[in-house]
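Trainee: I should like to learn how to read the features of a model such as this one. May we begin with the structure itself?

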Amino acid sequence: MKHIRWLVIPLRVLLVVVFAGLLLAQLFSLPGQFSHMAEESPRLGFIPWLLLAFWILELLCVQIVIVCTWRLLTLVGADRIFSEEAFVWVDAILWAMATGWVLIAGVSAYLVGFIYVTPELRDPGLPIFLFGMVLISGVVVLTMFVLRALLRQATVLKTDLEEVI
C-alpha cells in the first residue's frame, strides 16, 4: 500500500489544480469569451449563450468526476476500494460522464444542423471534429461502465475470499 501513497499524493495535487482551473474558467474566462463572441457576431443569435451554458455544464461534469475521484482515492488509501461504498462514487462518475456525453451529442447535432443551414459556415472540418468528439467521449463513457463491472466482480471475489478465510 505504501507505493500507492506515492501515486495518490501527486494525483490529489493535480486534481486540486485542475479543479481550480476549471472553476476559474467557469467564473471568468468562459463568460467573457462568449459575451465577446455575442457582441462581435450578433448574427449568431443565441449560439454564444448556448455554448456558454454547454461549457459551464461540461466543466461541472468534469468537476463532479474530480470530486468523486478524490473520494475514491480516500477509499484506496484506507484499503476499502473493494466495498459497496466505492460504488456510490463510481456511479456518480458514470452519471456525470453520461450527462457530459449527452450534452456533447446534443450540442454537436444542433451545431452541425446550424452549420449546414448557414452557407458561409459549410466547412466539413467542424462537423467531422464534433462527430469525433462524440465518438471519443462515448468510448470513454462505455469504458467506465466496463471498469465499474470489473470493480463489481473484484468486490464480489474479495468478499467471497474473506468469507472463506
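Mentor: Let us start with exposure: a residue is buried under 20% relative accessible area, exposed over 50%, and partly exposed in between (1.4 Å probe, protein chains only). This is a predicted model, in which local features need pLDDT of at least 70 and side-chain atom pairs count only at pLDDT 80 or more, while totals for chains, interfaces and linings use all residues. Residues are numbered from 1 along each chain as its sequence is written, and side-chain values use heavy atoms, with hydrogens and water left out.

Trainee: Is Lys-158 buried, exposed or partly exposed?

Mentor: Lys-158 counts as partly exposed, because its relative accessibility is 28%.

Trainee: Which side chain meets that of Lys-158 in a salt bridge?

Mentor: Side chains of opposite charge can pair when their charged atoms come close. A salt bridge is a side-chain nitrogen of Lys or Arg within 4 Å of a carboxyl oxygen of Asp or Glu. Here Glu-162 is the partner of Lys-158, at 3.0 Å from N to O. Both residues lie in helix H4, four residues apart, about one turn of the helix. Helices (H or I, at least four residues) are DSSP runs, numbered from the N terminus.

Trainee: How many salt bridges does a search of the whole structure find?

Mentor: The search finds five. In one of them, Arg-152 meets Glu-84 at 2.7 Å, N to O. That pair links distant parts of the chain, with Arg-152 in helix H4 and Glu-84 in helix H3 (residues 84-117), 68 residues apart. Arg-80 forms a salt bridge with Glu-85, the closest N and O atoms being 3.0 Å apart. Arg-80 is partly exposed at 38% relative accessibility, and Glu-85 is partly exposed at 31%. Salt bridges that share partners join Arg-71, Arg-80 and Glu-85 into one network.

Trainee: How far apart are the end C-alpha atoms of H4?

Mentor: The expected span of a helix is 1.5 Å times one less than its number of residues. For the 40 residues of H4 this gives 58 Å, and the end C-alpha atoms are 58 Å apart, so the two agree.

Trainee: Where is Gln-26, and is Gln-26 buried or exposed?

Mentor: Gln-26 lies in helix H1 (residues 2-40) and is buried, with a relative accessible area of 10%. Contact means heavy atoms within 4.5 Å. Not counting residues up to four places away in sequence, Gln-26 touches Pro-31, Ile-56, Leu-59, Leu-60 and Gln-63.

Methods:
Helix = DSSP H or I, 4+ residues; strand = E, 2+ residues; numbered from the N terminus.
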